[in-house]
Amino acid sequence: MMGKLKLGVFELTDCGGCALNVLFLYEKFFDLLEFYEIGEFHMASNLHEKDHYDVALVTGTVSTHRDLKVLREARNRSNYLIALGTCATHGNVQGSIEMPIREKLKAVYGDEGNPMRAIDSKPVVEHVAVDLAIPGCPYNKEELYQALMDMAKGIDPVRPDYPVCVECKLNEYECVLVKKGLPCLGPITLGGCNAICIKSGLGCIGCRGPLPGEVNPASEYEILKSKGYDDEYIVRKFKTFARWEP
Amino acid sequence: MIIELREFTRVEGNGKAEIVIENGEVKDVRLKIVEGPRFFELLTLGRHYYDVPDLEARICAICYLAHSVASVMGIERAFGVEVPGEIQLLRELGLIGELLESHALHLYLLVAPDVFRYPDAIRMATKHGELVKEGIALKAFGNRLRELIGGREIHGINVKPGGFGRYPTTEELERIERESEVLLRFAKRTVRLFASLEPYGERAGHFLATDGYLWGERLIAEGKEPFHYTERIEEHSLVYSFAKQSRYNGEPFLVGALARLLLKGEQLTPEAKRLFEEHREKLETGYVSYNNLAQAIELVYALERAGEIAKTLLDKGISSENVSVEPKEGEGIGYVEAPRGVLVHHYRIDSSGKIAYSNIITPTAMNHAMIEKSLLREAKVLYGNVDEMEMVQRLEETVRAFDPCISCSVHIVKL
Ligand code: SF4
Ligand code: SF4
C-alpha cells in the first residue's frame with residue numbers, strides 16, 4: 001500500500017467549531033487515520049511539523065495579519081486545500097458587520113488600547129485559490145469524511161447541488177415557511193445538512209450559504225414579505241452567513 | 001529578554017504568551033490572545049431578539065449551548081417572561097450535555113496527553129486506548145444531549161425564548177436515563193487519575209460563580225451574598241490582546257469547575273458530593289491545576305444529574321408547551337455556567353423587540369488575569385531550575401488547566 005497522505009488542520013479566526021467537528025467524527029476519525037497522518041492540528045496536538053501537506057483543511061476567516069500568514073503558508077505547503085465551514089467559504093457572521101475596521105475596533109475596545117493588527121474579516125476563498133469548499137456552520141461532518149475518504153482513494157469528491165428544501169421533502173418534514181410562517185431560508189440555501197434545523201420545527205437560518213446556480217433569492221424575498229417580515233429584517237437575514245444579494 | 005510561548009496547542013482558539021526576563025529574573029508575563037476579534041455585540045445590535053440566540057451560539061462551538069441559553073435568559077428577563085420547571089429542566093439537561101462534552105474533551109484528549117507525556121491523544125491511544133475510548137464515549141454522550149436539546153451537536157437553534165422548537169420524546173429520555181448510569185463508572189476512574197497529580201500554577205485568591213449550580217439570577221463569591229456583575233467586575237482593554245481582562249474588586253479571580261465546587265459543593269448530587277468531600281482538602285488549597293480534578297468530579301455530577309432529570313421528566317410526563325413571548329422595552333442579564341465558568345449576556349431591548357445594547361463577558365476573559373498571575377508564579381518557580389524547553393512545556397500545562405476558550409474571549413463591546 002502507498003504511504004499515508006499528510007493532513008494539516010489550520011485554524012484562523014473562528015469559533016473553533018469546524019476544527020472541533022473533525023474530532024466529533026469519533027470512531028470515523030480513527031478510520032481516517034488509516035489513510036492520513038496528521039502533521040499539524042493545534043486544537044488536538046502539539047505537533048508542529050512545518051511539513052508539506054497533501055491535504056490542508058483551513059477553517060475560519062482571515063481577520064488578522066496572523067491569519068493571512070497562516071493561510072498563505074497553508075496554501076504554499078499543500079497540494080489540495082479545503083476551505084472548511086462557512087467562515088472560510090463565505091465569511092460568516094463576523095464578516096457581516098458593514099463598518100470600517102477602525103470603527104469596529106473602537107466600538108469594542110474603546111480608546112484605551114488599540115489591539116494589534118486586525119483587518120476586515122474575509123473568507124479564505126477571497127485570499128487564495130482553494131481546491132474544494134465545504135460550507136456549513138459547522139459543515140456536516142459526514143460530508144467531510146466522505147470527501148477525505150474519496151480523496152484517499154483518488155476520487156474527486158461529490159458536492160451537493162440542491163437546496164435544503166429537497167432534504168425537508170425527503171424527510172417529510174412539515175414546511176415551516178408555508179405552514180407556520182416562520183422565516184426559513186431553506187429554498188435558497190445549499191443542502192447537505194439533511195435539513196436538521198427543520199427537524200426542530202424551526203426555519204433554516206441559511207448557515208450553509210446560498211445554493212449556487214439558478215437560485216432565486218428574489219422570490220424568497222417576496223415570500224418573506226408576504227409573511228409580514230420587513231425589508232430590513234429580510235436583508236439582514238440574507239446577509240448574515242453569506243452576503244446574499246436579494 | 002523575552003521567552004516566547006508560541007501559539008498554544010491543545011487549547012481552543014489562538015493564543016500565546018511572553019515571559020519577560022530582566023536581570024536574570026522573571027519580571028512579567030503577558031497572555032496574548034491573537035485570535036482575531038469577532039464583534040458579536042455589534043452583530044446583535046439592532047437585530048430582532050428572536051434571531052439573537054442562534055447568532056450568539058456562534059461565539060463558541062465548545063459551549064454554544066451555554067451561549068444560547070444565556071442569551072435566551074437575558075431576553076426572557078428583559079421581557080419579564082418566566083418559563084415553567086419543565087423547560088428549565090430541559091435546558092439544564094442540555095447544559096449538562098455540554099459540560100460532559102467539554103470536560104471530556106479537555107480531560108481525556110487535551111490534558112491526559114500531558115499526564116502520560118504524549119504530543120496528543122491520537123498517539124496516546126496506542127498505549128492508553130481504554131482511557132481515550134472512555135473519554136470519547138463520554139464526549140459523544142454529552143454531544144447527544146446537546147443535539148437532543150439544542151437541535152444539533154454544534155450551533156443548534158432549538159433553544160428559543162419561551163421554550164423549544166422540538167421537545168424530546170419518552171424513548172429519548174429513557175435512553176438518557178440508562179446511558180448516564182452506565183457511563184458513571186468511567187467518570188469515577190478519571191477522578192482517581194486526576195486526584196493523584198501534584199498541583200501546579202498559582203493558588204487563586206477569589207472564586208466566582210452563579211448562585212444556582214448551572215445558572216443563576218446573580219453571581220456569588222466567597223461571601224456568598226449575591227450581586228450583579230456590574231457591581232464588582234470591571235473590564236479593561238489591553239494593548240497586547242484581543243481579549244479584555246476582568247477584575248473582581250480590582251483583583252484577579254477564578255471561574256470554572258473549581259470555583260463551582262468550592263462555592264456550591266452542597267448543591268452536588270450524592271456521589272459527586274462524596275467525591276468532593278473526599279478531595280476537599282486538596283481542592284481548598286485553590287491551586288488552579290486542581291481545576292482538572294474539579295472537572296472530573298463534575299463529570300460524575302453531570303451523569304448523576306442527567307439521570308435524575310430524565311427520571312423526573314419521565315415520571316411527570318412532558319407537556320411540550322412553549323410560553324408565549326411578547327416583546328417590550330426592558331433590560332435583562334443571563335448568567336450561565338459555561339463548562340469553563342461564568343458567562344454573562346446582558347441586553348437592553350427596545351419596544352419593537354430589537355437589541356439596543358448588548359454586553360457579553362466570557363469565562364476566559366474573566367480568567368485572563370488569573371492565567372497571567374499563574375504563569376508568572378510558575379515561571380518564577382521554573383526559571384533557572386529547568387531547561388527552557390521544559391519550562392515552556394510546563395507553562396503551557398498551566399494555561400491548559402484553565403481550559404481556556406480563546407475564541408470565546410475576543411468580543412467585548414463598549415458603547
Ligand atoms: S463556520 Fe461556524 S462552526 Fe465553523 S468555525 Fe465558523 S462559526 Fe464556527
Ligand atoms: S437547516 Fe439551514 S441553518 Fe440548519 S444546518 Fe441546514 S443550512 Fe444550516
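Visitor: Which helix of chain A gives the most to the shell around ligand 2?

Guide: Keep in mind from the start that this is a predicted model. To read a shell, list the residues around the ligand and then find the element each belongs to. Here helix α9 (residues 196-199) of chain A gives the most to the shell around ligand 2, with three residues. The residues around ligand 2 include Ile196(A), Cys197(A) and Ile198(A), along with Cys193(A), Cys204(A), Cys207(A) and Arg152(B).

Visitor: Why is the site of ligand 2 shared between chains?

Guide: Look at the chain letter after each residue. The site is shared because residues from both chain A and chain B surround ligand 2.

Visitor: How many residues surround ligand 1, and which are the closest?

Guide: The shell around ligand 1 has 13 residues, and the closest are Cys15(A), Cys18(A), Cys87(A), Asn92(A) and Cys137(A). In chain A, helices α1 (17-23) and α4 (86-90) are the elements that give two or more residues to this shell. Five residues of the shell are nonpolar, six are polar and two are charged. Ligand 1 also has residues from chains A and B around it, so its site is shared between chains.

Visitor: There are cysteines in both shells. How many disulfides are there over all chains?

Guide: To find a disulfide, check whether two cysteine sulfur atoms lie within 2.5 Å of each other. Over all chains, the count comes to zero. Take Cys168(A) as a case: its closest cysteine sulfur is in Cys165(A), 6.3 Å away, and therefore too far for a bond.

Visitor: Is Cys168(A) buried or exposed?

Guide: Compare its relative accessible area with the cut-off: under 20% is buried. Cys168(A) is buried at 11%.

Visitor: Now for charges. How many salt bridges are there over all chains?

Guide: The count comes to 42. For each one, ask where the two partners sit along the chain. In one of them, the side chains of Glu37(A) and Lys6(A) meet at 3.5 Å, N to O. Glu37(A) is in strand β2 (residues 36-41) and Lys6(A) in strand β1 (residues 5-11), both of chain A, so the pair links distant parts of the chain, 31 residues apart. Glu37(A) is partly exposed at 34% relative accessible area, while Lys6(A) counts as buried at 13%.

Visitor: Where do Lys264(B) and Glu337(B) lie?

Guide: Lys264(B) lies in helix α9 (residues 257-264) of chain B and Glu337(B) in strand β11 (residues 330-338), so their pair ties together parts that are 73 residues apart in sequence. Their side chains form a salt bridge at 3.0 Å, N to O. Lys264(B) is buried, with a relative accessible area of 0%, and Glu337(B) counts as buried at 2%.

Visitor: What separates Asp315(B) and Lys311(B)?

Guide: About one helical turn separates them, because they are four residues apart in helix α12 (residues 291-316) of chain B. Asp315(B) counts as exposed at 58% relative accessibility, and Lys311(B) is partly exposed at 42%. Salt bridges can also share partners: Arg260(B), Lys264(B), Glu298(B) and Glu337(B) are joined into one network in this way.

Visitor: Where is the place of Ser352(B)?

Guide: Ser352(B) is in the loop between β12 (341-349) and β13 (355-361) of chain B, and at 40% relative accessibility it counts as partly exposed. Its C-alpha atom is separated by 9.3 Å from that of Tyr49(B), 303 residues apart along the chain.

Key
Residues numbered from 1 in each chain as written. Chains lettered and ligands numbered in written order. Predicted model: local features only at pLDDT ≥ 70, side-chain atom pairs only at ≥ 80, totals over all residues. Heavy atoms only, no water. Near = heavy atom within 4 Å. Nonpolar A, V, L, I, M, F, W, Y, C, P; charged D, E, K, R; others polar. Buried < 20%, exposed > 50% of the residue type's maximum accessible area, 1.4 Å probe, protein only. Salt bridge = Lys/Arg side-chain N within 4 Å of Asp/Glu carboxyl O.
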